[in-house]
Amino acid sequence: MIPKDLRYTKEHEWVRMEGEEAVIGITDHAQSEMGDITFVELPQIDKEVKQSAGLATVESIKAASDIYAPLSGRVIAVNEALEGSPEVINQAPYDTGWICRVSVTNPSEMDSLMDADAYEQYLEASEK
Amino acid sequence: MPINDLKKTPLYEEHLKLNAKMVPFAGWLMPLQYTGIIDEHMHAREKAGLFDIFHMGELFLRGPAAAKDVAGLVTCRIYDMHPGRCRYGFMLNDKGGIIDDLIVFRISEEEFMIVVNAGTVGKDEAWMRKHISPGTELANESAETAKIDIQGPLSGKIMGDLAGQQAVEQVRKYHFLNVEISGMPVLLSRTGYTGELGYELFFPVEYAPDMWKLLLAQEGVKPVGLGARDTLRMEMGYSLYGNDIDEKHTPLEANLARFVFFEKDFLGKPALLKQQGKGVSRVLKGFICDSRRSARSHFKVTSGGKEIGEVTSGAFSPCLKRGMGLCYIDSGSAKEGTGVTLTDGKVEVAARVAAIPLYRHKTQDPRHRTGKKS
């Protein structure tokens, strides 16, 4: 259920590395907790972010959540489809619900992210 | 409050079977959503949604002086209420502030049912007890009375199939009738909190699971939780007690003077008259955001950098596909169409003051053009 090829943060963001670029989104757990997503504030292209800094904002019916950068880098693409149809994140959080693409400045930061098994254990532990 | 202290409605197990996400509300463990708030919201607007509303309170006043007592307690017009009629109104404190919003049902010449909010039943009962005549019986029958709402364009046909078409056609807006559904006695009222054609069913608590299952089995019916109940009422501009109205706000400030009948005495009237003379500085108005971004309760309303009000309810409108809500705003800036900026200090949301209902439905209950009427 939790894609094996991705890496995860404690804040429920996922990363897919494609060379020196990282595709970023939020996990199925995150979208399910939030409920129907109604608005996404995408980052600006060329925005520089440090790991764990604010990257984007996702709003659901009742509340807003900040999305944090899993890795440091520069934003090179955003998923504009989310502007008109933010619910895509609920429907396909690992796929067409991707939020943005970042050109990574410090690839070693990947070591601080969880793999699928670790994220699964993390979820089980936090549900106790 | 610890989860074990929360009260469960008779339909708790049913909600779990339907995979509801349960949340605390007013001391109860209630279904927030089943399939998703937007899905349930649209289902209530297009077909028929079913709501477990057991948590609301039902207070009965009986006796030869009950009518006089009720008239003194609430802002609604009582003297010309015939049995089978119900009206929306308020109980006010000495400052004209709203103790609760409620609906008064005249069951007979000497019997009234007053339906109140879940979080305020105790407060309301104590207030009533202080002010009724010695001969009037006041009974809190909330624990014995189940309430299920069915709301949506299909609800008329569904209730007609279950209670008899002729009977249901008799029930006009803000009226009610005693019917029988599969041998179960029901007070069926044409009232609701969504703006759609709909009914509220009051009946003995022991029938709750059977009634719920029977209604859910009808074609076009889906369960709807409190999340969608909130977005549905907000699109109509209906106030939620505790958010938009409370003891610190009067019906005049809440723009609900039409539910106050001034040609009689009632608790809180002198304060209201005084306020009528002076005018209100801030008034409750609707707003629609320019984008999908929502503003939330406690966001400030600003114009030209100056604070001119505060948001009391805010959410995403599934029908408008924009942010929406209600706010108190300086009377001078309250004109519909006025552009404002809603902000929590970090996020800024552009919006416009708007008339309620915020969403106008083409199949909307035809007698319901301007909100609940007394």
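This is a predicted model: local features need pLDDT of at least 70, side-chain atom pairs count only at pLDDT 80 or more; totals for chains, interfaces and linings use all residues.
Colleague: What is the phi of Ser182(B)?

Modeller: First the general idea: most residues other than glycine have a negative phi. Here, Ser182(B) has a phi near 50 degrees, a positive value in a residue that is not glycine.

Colleague: Which residues does the cis peptide bond join?

Modeller: In general, most peptide bonds are trans. In this model a cis bond links Ile356(B) and Pro357(B), with omega about 0 degrees. Pro357(B) belongs to the segment after β20 (348–354) of chain B.

Colleague: Now the sheets. What is the strand order in the open sheet of five strands?

Modeller: In chain B the order is β6-β7-β8-β5-β9, and the pairing is antiparallel. β6 (86–92) and β9 (137–140) of chain B each have a single partner strand, so they stand at the edges with one side lacking a neighbour in the sheet. From one strand to the next, the twist averages 30 degrees.

Colleague: How many bridges pair β5 with β8 of chain B?

Modeller: Six bridges, in the antiparallel sense, between β5 (residues 57–62) and β8 (residues 111–116) of chain B. To find one of them on screen, look for Arg62(B), whose bridge partner in β8(B) is Glu111(B).

Colleague: Which strands does helix α3 of chain B touch?

Modeller: For a helix on a sheet, look at the strands in contact and then at the angle. Helix α3 (residues 66–73) of chain B packs on this sheet and touches β5, β6, β7 (98–108) and β8 of chain B. Its direction makes about 130 degrees with that of β5(B). Helix α4 (residues 121–131) of chain B lies across β5, β6, β7, β8 and β9 of chain B, at about 15 degrees to β5(B).

Colleague: What is the strand order in the open sheet of three strands?

Modeller: That order is β1-β3-β2 in chain B, with mixed pairing. β1 (7–8) and β2 (21–25) of chain B are the edge strands, each pairing on one side only. β2(B) and β3 (residues 28–33) of chain B run antiparallel and are joined by five bridges; Lys21(B) stands opposite Gln33(B) in β3(B).

Colleague: Which domains does the assignment give for chain B?

Modeller: A domain may be built from separate stretches of sequence, so read the bounds with care. The assignment gives domain 1 (3–54 + 144–235), domain 2 (57–136) and domain 3 (281–374). The C-alpha centres of domain 1 and domain 3 of chain B lie 28 Å apart. Their contact takes 13 residues from domain 1 of chain B and 16 residues from domain 3 of chain B. On the domain 1 side, α2 (37–46) and α8 (226–236) of chain B each supply at least two residues. By class, that side has five nonpolar, three polar and five charged residues.

Colleague: How many residues of chain B are in contact with chain A?

Modeller: 11 residues of chain B, which meet seven residues of chain A. On the chain B side, α2, α8 and β17 (306–317) each supply at least two residues. That side divides into four nonpolar, five polar and two charged residues.

Colleague: Finally, how many helices and strands does chain A have?

Modeller: Chain A has four helices and nine strands. Its radius of gyration is 14 Å, close to the 14 Å that the globule rule gives for 128 residues, so chain A is as compact as a globular protein of that length. Of those 128 residues, 39% count as buried.

Methods:
Residues are numbered from 1 along each chain as its sequence is written. Chains are lettered from A and ligands numbered from 1 in the order in which they are written. Two residues are in contact if their C-beta atoms, placed from the backbone, lie within 7 Å. Ala, Val, Leu, Ile, Met, Phe, Trp, Tyr, Cys and Pro count as nonpolar, Asp, Glu, Lys and Arg as charged, and the others, Gly among them, as polar. Two strands pair if DSSP finds at least two bridges between them. Axes are lines fitted to C-alpha atoms, for helices over the stretch in contact, and angles run from 0 to 180 degrees between N-to-C directions. The radius of gyration is taken over C-alpha atoms; the globule rule is 2.2 Å times the number of residues to the power 0.38. A residue is buried if 20 or more other C-beta atoms lie within 10 Å of its own, exposed if 12 or fewer, and partly exposed in between; C-beta atoms are placed from the backbone.
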